[in-house]
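Here is a short tour for anyone who likes to keep a viewer open while reading. Turn the model as you go, and follow the headings in order.

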Amino acid sequence: MSSQPYASGYFRTSYGQDIALTQTRLQRISAVVFIIALIGFPFIASNFYLDLVTQVFLASIGALSLMLLTGYAGLISLGHAGLLCAGAFTAGILFKEFNTPIWLTLPAAAIVGALLGVIFGLPSLRLRGLYLAVSTLALHFVVVYLGGEYETKRGYSTGISIDAPEVFGYTLYGGKVWYYILLAFAALTLLLCINLLRTRTGRAFRAIKAHETVAEALGINVAAYKLLAFVISSAIAAVAGALFAYYRSFVSVEAFSLFLTIQYVAMVIIGGMGSLLGAILGAIFVTIFPYAIEAIILALPNAQAYAGQLFAVNYAAFGFVMILFLVYEPLGLVGIWHRIQSYFLLWPFKHRPMAGARK
C-alpha cells in the first residue's frame, strides 16, 4: 500500500510483502483480535454504545471518500454534506414515490452521486485552492435547496420517513442488524480505497497532488483523473447518505447542515491527510468528541447550570481542537499513532526516524 519504510527498520523485500494487508505476525494477530472484537461488540454493548459505534462506521465511509479526493488527489471540496444529502434523498424519494427496494436505491444513489461528481468536478479543471472550495460549496446549497423544495411540495415538511428495507424476505431492522450492515459497508469501502490507491489511478491521484505540471509531463491525463476522483468520491459519499437514511429511517435537509461538511473536513485534517487510517481515526474522534464534551460538562459540579451552554461549548471546543491539530500536529492522529507504534517497536532503544520514514 505504501513504499515508505517503517521507522523501526522493518523493510518489505518483495512485491508480495508490499501488497499484503498485514505484514508482520503481530499485525496479523492484532487484526484477528480486532475483527473478533468488532463481531462480538453488539453482544456486550448497550444500545447507546452500539449506536455510537454504528455512527462511526457511517462517518468512516464518508471520511474515506473525502480522503480519496482531498488527501490523495489534493482536490478541496466543501460539498460533502450535499453529496450525503443527495444520496439520502435519492433513497427517500425512490422509496416514497416508487416503493423501490434497497438493492436498487443504493446503486441509484451511487449513480446520482457520480453525476454530481462530474458536474461539480468540472470547475476543478480550471480552478484551484480556495476558488475550487467555494465552487464545491455551491453543491451543498443547491442539493439542500432541492431537497427542501421536494419536502415542501410533497407535504413532507418535517422530513421523509422510510420503512425498514427487506432483503430476501428478511427485514433489516434493529441496532444490531444495522451495526453489522454498516460494518460490512465500512470494511468494503476501506478495501476498495486500499486497492484503488494501488492501481494506476491511485498513483495518478498522488502525482496530481504532488505537482500537476510534472504529472502532466509524465503522461498523466490530469483532467480525466481529476474528474474521476470527484466521481468516485461523490459516489461513495452518496451511498453513505443513502445508508444514513435507511439507518435513521428518516431523511430531512436539517440533518445536512454546513456544519456537517466542516465535520468531514475536520475528520481528514484531525485524522491525518493522505492516510486511510487517518480518515478512520478522524471519523472516530469527530463522532465521539461531542459526547465526550457532554460527559465532561455533566461531570462538573452544578452541571445543570451549564446545560444550556452545551452546544456553544461543543462548537468552541471543536474549533479549538482543530486549531491545535493544525498548529501542533499537522500529521494528525495517524502521526501520533505512528510515533507510538515506533516507540514500542524500538523499545528500549531510541533514535530519530530515518529520512522519509513514518514519523
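## Around helix H11

Just after helix H11, glycine 272 takes a positive phi of about 130°. This is a predicted model, in which local features need pLDDT of at least 70, side-chain atom pairs count only at pLDDT 80 or more, and totals for chains, interfaces and linings use all residues. Residues are numbered from 1 along each chain as its sequence is written, and side-chain values use heavy atoms, with hydrogens and water left out. Helices (H or I, at least four residues) and strands (E, at least two) are DSSP runs, numbered from the N terminus.

H11 itself covers residues 258-271, and its 14 residues should span 20 Å at 1.5 Å a residue; the end C-alpha atoms are 20 Å apart, which agrees. The expected span of a helix is 1.5 Å times one less than its number of residues. Ten of the 14 residues of H11 are buried, so the helix is largely enclosed by the rest of the structure. Here, buried means under 20% relative accessible area, exposed over 50%, and partly exposed in between, with a 1.4 Å probe and protein chains only. The buried residues are Leu260, Thr261, Gln263, Tyr264, Ala266, Met267, Val268, Ile269, Ile270 and Gly271. What covers them includes helix H3 (47-72), H4, helix H6 (129-153), helix H12 (276-299), helix H13 (310-328) and helix H14 (332-346), where contact means heavy atoms within 4.5 Å.

## Helix H14

Look next at H14, one of the helices covering H11. At 1.5 Å a residue, the 15 residues of H14 should span 21 Å; its end C-alpha atoms are 22 Å apart, which agrees. Its buried residues are Gly332, Leu333, Val334, Gly335, His338, Gln341, Ser342 and Leu346. These pack against helix H2 (25-44), H11, H12 and H13.

## Where H7 meets H8

At what angle do H7 and H8 pack? Helix H7 (residues 175-198) and helix H8 (residues 200-210) meet at about 75°, with their axes 4 Å apart. That makes H7 roughly perpendicular to H8. The contact is made by Leu196, Leu197 and Arg198 of H7, together with Arg200, Thr201, Gly202, Arg203, Phe205 and Arg206 of H8. By class, this contact has three nonpolar, two polar and four charged residues.

For the terms used here, axes are lines fitted to C-alpha atoms, for helices over the stretch in contact, and angles run from 0 to 180 degrees between N-to-C directions. Angles under 35 degrees count as roughly parallel, over 145 as roughly antiparallel, 65 to 115 as roughly perpendicular and the rest as oblique. Ala, Val, Leu, Ile, Met, Phe, Trp, Tyr, Cys and Pro count as nonpolar, Asp, Glu, Lys and Arg as charged, and the others, Gly among them, as polar.

## Two loop residues with positive phi

Asparagine 99 is in the loop between helix H4 (80-98) and helix H5 (102-121). Its phi is near 55°, a positive value in a residue other than glycine, and at 58% relative accessibility asparagine 99 counts as exposed.

Phenylalanine 168 sits in the loop between strand S2 (166-167) and strand S3 (170-171). Phi of phenylalanine 168 is also positive, near 55°. Is this residue buried or exposed? Phenylalanine 168 is exposed, with a relative accessible area of 87%.

## Cysteines

Cysteine 85 is buried, at 0% relative accessibility, and cysteine 193 is buried with a relative accessible area of 0%. If a disulfide is a pair of cysteine sulfur atoms within 2.5 Å, the count comes to zero disulfides.
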